[in-house]
Protein chains: 2
Amino acid sequence: MIMKNMSEYLKKNGIKPSLQRIKIYEYLSTKKNHPTVDQVYNDLLQEMPTLSRTTVYNTFKLFLEKKIIMMITIEENEVRYDANTKLHGHFKCENCGKIYDFGISYIQVDEDVLNDFLVEERQLYFIGKCKNCLLDK
Amino acid sequence: MIMKNMSEYLKKNGIKPSLQRIKIYEYLSTKKNHPTVDQVYNDLLQEMPTLSRTTVYNTFKLFLEKKIIMMITIEENEVRYDANTKLHGHFKCENCGKIYDFGISYIQVDEDVLNDFLVEERQLYFIGKCKNCLLDK
DNA sequence: AACAAATTTGTAACCATTACAATTTAATTC
DNA sequence: GAATTAAATTGTAATGGTTACAAATTTGTT
Ligand SMILES: [Mn+2]
Ligand SMILES: [Mn+2]
Ligand SMILES: [Zn+2]
Ligand SMILES: [Zn+2]
(Lines give C-alpha, C1' and ligand atoms only; values in the text may rest on other atoms or scores of the structure.)
(Ligands and ions follow the chains in the order given, each with its own letter.)
Protein backbone atom coordinates (compact mmCIF):
# COMPACT_ATOMS: atom_id res chain seq x y z
CA MET A 1 0.00 0.00 0.00
CA ILE A 2 1.50 3.31 -1.04
CA MET A 3 1.34 6.59 0.90
CA LYS A 4 -1.76 7.82 -0.92
CA ASN A 5 -3.68 4.64 -0.24
CA MET A 6 -2.47 4.64 3.36
CA SER A 7 -4.03 8.05 3.82
CA GLU A 8 -7.24 6.99 2.11
CA TYR A 9 -7.45 3.91 4.31
CA LEU A 10 -7.21 6.00 7.48
CA LYS A 11 -9.86 8.41 6.18
CA LYS A 12 -12.17 5.55 5.30
CA ASN A 13 -11.94 4.43 8.93
CA GLY A 14 -12.76 7.85 10.36
CA ILE A 15 -9.18 8.87 11.14
CA LYS A 16 -7.86 12.23 10.00
CA PRO A 17 -4.60 11.34 8.24
CA SER A 18 -1.95 13.51 9.85
CA LEU A 19 1.67 12.93 8.91
CA GLN A 20 2.37 11.21 12.24
CA ARG A 21 -0.60 8.88 11.91
CA ILE A 22 0.30 7.97 8.34
CA LYS A 23 3.91 7.22 9.25
CA ILE A 24 2.94 5.15 12.28
CA TYR A 25 0.36 3.14 10.37
CA GLU A 26 2.78 2.72 7.48
CA TYR A 27 5.47 1.45 9.83
CA LEU A 28 3.15 -1.08 11.42
CA SER A 29 1.61 -2.38 8.21
CA THR A 30 4.77 -2.66 6.13
CA LYS A 31 7.27 -3.92 8.73
CA LYS A 32 4.89 -6.50 10.16
CA ASN A 33 7.28 -6.92 13.08
CA HIS A 34 4.76 -6.64 15.94
CA PRO A 35 6.65 -3.75 17.53
CA THR A 36 6.32 -2.15 20.95
CA VAL A 37 5.58 1.55 21.32
CA ASP A 38 9.24 2.21 21.99
CA GLN A 39 10.40 0.37 18.89
CA VAL A 40 8.09 2.45 16.71
CA TYR A 41 9.08 5.62 18.51
CA ASN A 42 12.82 5.04 18.25
CA ASP A 43 12.72 3.92 14.63
CA LEU A 44 10.53 6.76 13.42
CA LEU A 45 12.60 9.28 15.37
CA GLN A 46 15.24 8.97 12.63
CA GLU A 47 13.01 10.56 10.01
CA MET A 48 10.77 12.56 12.35
CA PRO A 49 13.04 14.15 14.98
CA THR A 50 10.18 16.00 16.69
CA LEU A 51 8.01 12.93 17.19
CA SER A 52 6.78 12.43 20.73
CA ARG A 53 6.39 9.12 22.48
CA THR A 54 3.00 10.33 23.65
CA THR A 55 1.88 10.68 20.04
CA VAL A 56 2.68 7.04 19.41
CA TYR A 57 0.61 6.07 22.47
CA ASN A 58 -2.25 8.36 21.42
CA THR A 59 -2.19 7.10 17.86
CA PHE A 60 -2.25 3.42 18.80
CA LYS A 61 -5.12 4.14 21.16
CA LEU A 62 -7.03 5.81 18.33
CA PHE A 63 -6.22 3.01 15.89
CA LEU A 64 -7.47 0.47 18.43
CA GLU A 65 -10.75 2.35 18.91
CA LYS A 66 -11.23 2.40 15.14
CA LYS A 67 -10.27 -1.27 15.07
CA ILE A 68 -7.65 -0.99 12.34
CA ILE A 69 -4.95 -2.56 14.53
CA MET A 70 -4.83 -5.15 17.28
CA MET A 71 -2.96 -5.31 20.57
CA ILE A 72 -0.82 -8.31 21.45
CA THR A 73 -0.24 -8.95 25.15
CA ILE A 74 1.65 -12.21 25.28
CA GLU A 75 3.86 -11.13 28.13
CA GLU A 76 3.25 -8.65 30.90
CA ASN A 77 5.08 -5.38 30.44
CA GLU A 78 5.45 -5.97 26.73
CA VAL A 79 2.54 -4.71 24.70
CA ARG A 80 2.92 -5.12 20.95
CA TYR A 81 0.80 -4.02 18.02
CA ASP A 82 -0.25 -5.55 14.72
CA ALA A 83 -1.87 -3.98 11.66
CA ASN A 84 -3.14 -7.40 10.61
CA THR A 85 -6.54 -7.65 12.26
CA LYS A 86 -7.59 -10.84 10.54
CA LEU A 87 -7.74 -13.93 12.75
CA HIS A 88 -4.26 -15.45 12.97
CA GLY A 89 -2.02 -16.88 15.65
CA HIS A 90 1.25 -15.68 17.11
CA PHE A 91 4.20 -17.76 18.16
CA LYS A 92 6.70 -16.10 20.47
CA CYS A 93 10.14 -17.66 20.77
CA GLU A 94 11.21 -17.43 24.38
CA ASN A 95 14.83 -17.63 23.25
CA CYS A 96 15.21 -14.97 20.55
CA GLY A 97 12.01 -13.07 21.30
CA LYS A 98 10.85 -13.08 17.69
CA ILE A 99 7.12 -13.26 17.02
CA TYR A 100 5.95 -15.41 14.12
CA ASP A 101 2.52 -15.30 12.49
CA PHE A 102 0.71 -18.49 11.66
CA GLY A 103 -2.62 -19.24 10.04
CA ILE A 104 -5.51 -20.81 11.87
CA SER A 105 -7.74 -23.09 9.84
CA TYR A 106 -10.13 -24.00 12.56
CA ILE A 107 -10.89 -23.63 16.27
CA GLN A 108 -13.46 -25.94 17.80
CA VAL A 109 -14.65 -24.87 21.25
CA ASP A 110 -17.12 -26.53 23.59
CA GLU A 111 -20.28 -24.74 22.46
CA ASP A 112 -22.36 -24.88 25.61
CA VAL A 113 -20.28 -22.48 27.70
CA LEU A 114 -20.20 -19.61 25.23
CA ASN A 115 -23.76 -20.06 24.03
CA ASP A 116 -25.44 -16.66 23.64
CA PHE A 117 -22.13 -14.89 24.27
CA LEU A 118 -21.07 -12.17 21.87
CA VAL A 119 -17.48 -12.83 20.79
CA GLU A 120 -15.87 -9.70 19.38
CA GLU A 121 -12.19 -10.60 19.43
CA ARG A 122 -10.21 -13.82 19.24
CA GLN A 123 -6.56 -14.23 20.21
CA LEU A 124 -4.40 -17.32 20.02
CA TYR A 125 -0.76 -17.48 20.86
CA PHE A 126 1.88 -20.10 21.45
CA ILE A 127 5.14 -19.80 23.34
CA GLY A 128 8.18 -22.00 22.80
CA LYS A 129 11.40 -22.23 20.82
CA CYS A 130 11.61 -21.40 17.14
CA LYS A 131 13.31 -23.55 14.51
CA ASN A 132 16.37 -21.30 14.27
CA CYS A 133 17.00 -21.32 17.99
CA LEU A 134 16.59 -25.10 18.18
CA LEU A 135 19.14 -25.66 15.37
CA ASP A 136 21.69 -23.22 16.79
CA LYS A 137 22.20 -25.35 19.88
CA MET B 1 -8.12 -31.00 47.50
CA ILE B 2 -7.71 -30.70 51.26
CA MET B 3 -4.89 -28.91 53.05
CA LYS B 4 -2.76 -32.02 53.46
CA ASN B 5 -2.97 -32.90 49.79
CA MET B 6 -2.30 -29.27 48.87
CA SER B 7 0.95 -29.46 50.78
CA GLU B 8 1.84 -32.79 49.22
CA TYR B 9 1.15 -31.41 45.76
CA LEU B 10 3.54 -28.51 46.30
CA LYS B 11 6.23 -30.87 47.62
CA LYS B 12 5.80 -33.17 44.66
CA ASN B 13 6.53 -30.19 42.42
CA GLY B 14 9.68 -29.18 44.25
CA ILE B 15 8.13 -26.40 46.31
CA LYS B 16 8.65 -26.24 50.04
CA PRO B 17 5.14 -25.87 51.43
CA SER B 18 5.24 -22.85 53.69
CA LEU B 19 1.98 -21.58 55.15
CA GLN B 20 1.90 -18.64 52.71
CA ARG B 21 2.51 -20.85 49.71
CA ILE B 22 -0.18 -23.30 50.76
CA LYS B 23 -2.74 -20.56 51.34
CA ILE B 24 -1.97 -18.85 48.04
CA TYR B 25 -2.16 -22.07 46.07
CA GLU B 26 -5.30 -23.09 47.91
CA TYR B 27 -6.92 -19.74 47.12
CA LEU B 28 -6.08 -20.03 43.43
CA SER B 29 -7.12 -23.64 42.97
CA THR B 30 -10.38 -23.54 44.92
CA LYS B 31 -11.75 -20.10 43.97
CA LYS B 32 -10.96 -20.53 40.27
CA ASN B 33 -11.62 -16.83 39.81
CA HIS B 34 -8.49 -15.92 37.82
CA PRO B 35 -7.45 -13.27 40.34
CA THR B 36 -4.84 -10.54 40.13
CA VAL B 37 -2.03 -10.30 42.67
CA ASP B 38 -3.91 -7.60 44.52
CA GLN B 39 -7.11 -9.63 44.76
CA VAL B 40 -5.23 -12.53 46.31
CA TYR B 41 -3.31 -10.21 48.60
CA ASN B 42 -6.36 -8.33 49.84
CA ASP B 43 -8.50 -11.43 50.34
CA LEU B 44 -5.83 -13.41 52.18
CA LEU B 45 -4.97 -10.39 54.33
CA GLN B 46 -8.15 -11.13 56.30
CA GLU B 47 -6.80 -14.38 57.68
CA MET B 48 -3.08 -13.58 57.38
CA PRO B 49 -2.61 -10.01 58.61
CA THR B 50 1.18 -10.11 58.18
CA LEU B 51 1.10 -11.22 54.56
CA SER B 52 3.17 -9.10 52.23
CA ARG B 53 2.27 -8.20 48.68
CA THR B 54 5.84 -9.09 47.73
CA THR B 55 5.26 -12.62 48.99
CA VAL B 56 2.35 -13.02 46.62
CA TYR B 57 4.53 -11.82 43.75
CA ASN B 58 7.40 -14.10 44.80
CA THR B 59 5.11 -17.08 45.21
CA PHE B 60 3.43 -16.69 41.83
CA LYS B 61 6.84 -16.36 40.23
CA LEU B 62 7.93 -19.60 41.89
CA PHE B 63 4.70 -21.38 40.94
CA LEU B 64 5.20 -20.27 37.33
CA GLU B 65 8.76 -21.59 37.25
CA LYS B 66 7.51 -24.92 38.57
CA LYS B 67 4.70 -24.77 36.03
CA ILE B 68 1.88 -25.45 38.48
CA ILE B 69 0.03 -22.26 37.50
CA MET B 70 -0.35 -20.20 34.35
CA MET B 71 -0.36 -16.48 33.73
CA ILE B 72 -3.20 -14.79 31.88
CA THR B 73 -2.40 -11.52 30.14
CA ILE B 74 -5.54 -10.63 28.25
CA GLU B 75 -5.25 -6.93 28.93
CA GLU B 76 -2.20 -4.82 29.56
CA ASN B 77 -1.76 -3.84 33.18
CA GLU B 78 -3.97 -6.68 34.36
CA VAL B 79 -2.09 -9.89 34.96
CA ARG B 80 -4.17 -12.76 36.28
CA TYR B 81 -3.31 -16.26 37.43
CA ASP B 82 -4.88 -19.70 37.03
CA ALA B 83 -4.16 -22.99 38.81
CA ASN B 84 -5.69 -24.88 35.91
CA THR B 85 -2.77 -25.52 33.58
CA LYS B 86 -4.62 -27.82 31.23
CA LEU B 87 -5.33 -26.39 27.78
CA HIS B 88 -8.54 -24.35 27.95
CA GLY B 89 -9.78 -21.02 26.69
CA HIS B 90 -10.73 -17.82 28.50
CA PHE B 91 -13.55 -15.47 27.66
CA LYS B 92 -13.34 -12.00 29.17
CA CYS B 93 -16.51 -9.93 29.26
CA GLU B 94 -15.58 -6.35 28.48
CA ASN B 95 -18.69 -5.20 30.31
CA CYS B 96 -18.59 -6.93 33.71
CA GLY B 97 -14.94 -7.99 33.59
CA LYS B 98 -15.70 -11.58 34.50
CA ILE B 99 -13.48 -14.28 33.03
CA TYR B 100 -15.15 -17.52 31.91
CA ASP B 101 -13.40 -20.81 31.18
CA PHE B 102 -14.32 -22.82 28.14
CA GLY B 103 -13.13 -26.11 26.73
CA ILE B 104 -11.25 -26.43 23.48
CA SER B 105 -11.90 -29.56 21.48
CA TYR B 106 -9.61 -28.81 18.63
CA ILE B 107 -7.28 -26.20 17.16
CA GLN B 108 -6.16 -26.66 13.57
CA VAL B 109 -3.22 -24.47 12.58
CA ASP B 110 -1.41 -24.12 9.27
CA GLU B 111 1.32 -26.69 9.82
CA ASP B 112 4.05 -25.37 7.57
CA VAL B 113 4.88 -22.25 9.59
CA LEU B 114 5.42 -23.95 12.93
CA ASN B 115 7.12 -27.01 11.50
CA ASP B 116 10.08 -27.98 13.69
CA PHE B 117 9.06 -25.41 16.29
CA LEU B 118 8.84 -26.50 19.92
CA VAL B 119 5.51 -25.36 21.34
CA GLU B 120 5.57 -25.29 25.12
CA GLU B 121 2.52 -23.22 25.94
CA ARG B 122 -0.79 -22.51 24.23
CA GLN B 123 -3.14 -19.66 25.08
CA LEU B 124 -6.51 -18.87 23.58
CA TYR B 125 -8.77 -16.09 24.69
CA PHE B 126 -11.86 -14.33 23.45
CA ILE B 127 -13.16 -10.90 24.35
CA GLY B 128 -16.78 -9.78 24.09
CA LYS B 129 -20.00 -9.55 26.06
CA CYS B 130 -21.26 -12.36 28.27
CA LYS B 131 -24.79 -13.72 28.31
CA ASN B 132 -25.74 -11.95 31.54
CA CYS B 133 -24.59 -8.56 30.31
CA LEU B 134 -26.39 -9.00 26.99
CA LEU B 135 -29.68 -9.84 28.72
CA ASP B 136 -29.45 -6.98 31.23
CA LYS B 137 -29.65 -4.37 28.50
C1' DA C 1 -6.18 37.69 8.85
C1' DA C 2 -8.56 36.31 13.05
C1' DC C 3 -10.55 32.81 15.47
C1' DA C 4 -11.68 28.11 16.85
C1' DA C 5 -10.81 23.24 16.84
C1' DA C 6 -7.81 19.44 16.54
C1' DT C 7 -3.36 17.50 17.02
C1' DT C 8 1.16 17.16 18.77
C1' DT C 9 4.48 17.69 22.25
C1' DG C 10 7.05 17.53 26.81
C1' DT C 11 6.72 16.98 31.58
C1' DA C 12 4.80 15.27 35.66
C1' DA C 13 2.01 11.86 37.93
C1' DC C 14 0.56 7.21 38.36
C1' DC C 15 0.88 2.53 39.54
C1' DA C 16 2.02 -2.37 38.94
C1' DT C 17 6.13 -4.76 39.39
C1' DT C 18 10.87 -5.57 40.87
C1' DA C 19 15.17 -4.92 43.68
C1' DC C 20 17.02 -5.10 47.88
C1' DA C 21 18.15 -5.22 52.69
C1' DA C 22 16.32 -6.35 57.14
C1' DT C 23 13.64 -9.43 59.80
C1' DT C 24 11.68 -13.67 60.80
C1' DT C 25 11.34 -18.58 60.42
C1' DA C 26 13.14 -23.18 59.44
C1' DA C 27 16.92 -26.44 59.03
C1' DT C 28 21.47 -28.03 60.29
C1' DT C 29 25.47 -28.62 63.07
C1' DC C 30 27.80 -29.28 67.19
C1' DG D 1 19.01 -27.83 72.74
C1' DA D 2 21.84 -23.80 71.95
C1' DA D 3 24.51 -21.92 68.16
C1' DT D 4 24.96 -21.46 63.32
C1' DT D 5 23.54 -21.44 58.70
C1' DA D 6 20.12 -21.31 55.12
C1' DA D 7 15.59 -20.16 53.38
C1' DA D 8 11.50 -17.51 53.32
C1' DT D 9 8.96 -13.43 54.39
C1' DT D 10 8.41 -8.65 54.88
C1' DG D 11 8.54 -3.48 54.09
C1' DT D 12 10.42 0.11 51.60
C1' DA D 13 12.62 2.16 47.78
C1' DA D 14 13.52 2.12 42.89
C1' DT D 15 12.10 1.09 38.22
C1' DG D 16 9.75 1.70 34.01
C1' DG D 17 5.83 1.59 30.99
C1' DT D 18 1.69 4.17 30.58
C1' DT D 19 -1.45 8.04 31.33
C1' DA D 20 -2.87 12.89 32.60
C1' DC D 21 -2.44 17.32 31.53
C1' DA D 22 -1.33 21.83 29.94
C1' DA D 23 1.32 24.38 26.55
C1' DA D 24 2.59 24.77 21.81
C1' DT D 25 1.81 23.86 17.14
C1' DT D 26 -0.88 22.81 13.20
C1' DT D 27 -5.16 22.68 10.71
C1' DG D 28 -9.71 24.23 9.52
C1' DT D 29 -13.32 27.90 9.46
C1' DT D 30 -15.39 32.44 9.38
MN1 LIG E 1 0.52 -10.89 13.53
MN1 LIG F 1 -9.02 -20.74 33.49
ZN1 LIG G 1 14.03 -18.12 18.42
ZN1 LIG H 1 -20.52 -9.65 31.49
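This briefing describes how chain A and chain B meet each other and how they meet DNA strand D. The model is predicted, and the values below were computed from it. Between them, chain B and chain A bury about 3,700 Å², with 60% of that area on carbon and sulfur atoms, while the surroundings of DNA strand D are made up of 14 residues.

**Around DNA strand D**

- Gln20(B) places a polar side-chain atom 3.0 Å from a sugar or linking oxygen of DNA strand D.
- At least two residues of the surface near DNA strand D come from each of helix H4 (53-65) of chain A, helix H2 (19-31) of chain B and helix H4 (53-65) of chain B, and H4(B) gives the most, with 3 residues.
- Sorted by class, the surface near DNA strand D holds 8 polar, 3 nonpolar and 3 charged residues.

**Extent of the contact between chain B and chain A**

- The contact draws 39 residues from chain A and 39 residues from chain B, and within chain B, Phe117(B), Tyr125(B) and Phe126(B) supply 15% of the area buried against chain A, more than any other three residues.
- The polar side of this contact includes 21 residue pairs in polar contact, both residues being at pLDDT 80 or more.
- On the side of chain B that touches chain A, two or more residues come from each of strand E1 (70-75), strand E4 (99-102), strand E5 (104-109), helix H5 (111-114), strand E6 (118-129) and helix H6 (131-135) of chain B.
- Among these elements, E6(B) gives the most to that side, with 12 residues, and by class the side of chain B that touches chain A has 21 nonpolar, 11 charged and 7 polar residues.

**Salt bridges and strand pairing between the chains**

- There are 4 salt bridges between chain B and chain A, one of which joins the side chains of Asp116(B) and Lys131(A) at 3.6 Å, N to O.
- Strand E6 (residues 118-129) of chain A runs antiparallel to E6(B) and is joined to E6(B) by 11 bridges; within this pairing, Glu121(A) has Ile127(B) as its bridge partner.

Conventions. Residues are numbered from 1 along each chain as its sequence is written. Chains are lettered from A and ligands numbered from 1 in the order in which they are written. This is a predicted model: local features need pLDDT of at least 70, side-chain atom pairs count only at pLDDT 80 or more; totals for chains, interfaces and linings use all residues. Side-chain values use heavy atoms; hydrogens and water are left out. A residue is near a molecule or strand if one of its heavy atoms lies within 4 Å of it. A polar contact is a pair of N or O atoms within 3.5 Å; within protein, one must be able to donate a hydrogen and the other to accept it, and residues adjacent in sequence count only if both atoms are side-chain atoms. Helices (H or I, at least four residues) and strands (E, at least two) are DSSP runs, numbered from the N terminus. Ala, Val, Leu, Ile, Met, Phe, Trp, Tyr, Cys and Pro count as nonpolar, Asp, Glu, Lys and Arg as charged, and the others, Gly among them, as polar. Contact means heavy atoms within 4.5 Å. Buried area is the accessible area (1.4 Å probe) that two parts lose on being put together, summed over both. Two strands pair if DSSP finds at least two bridges between them.
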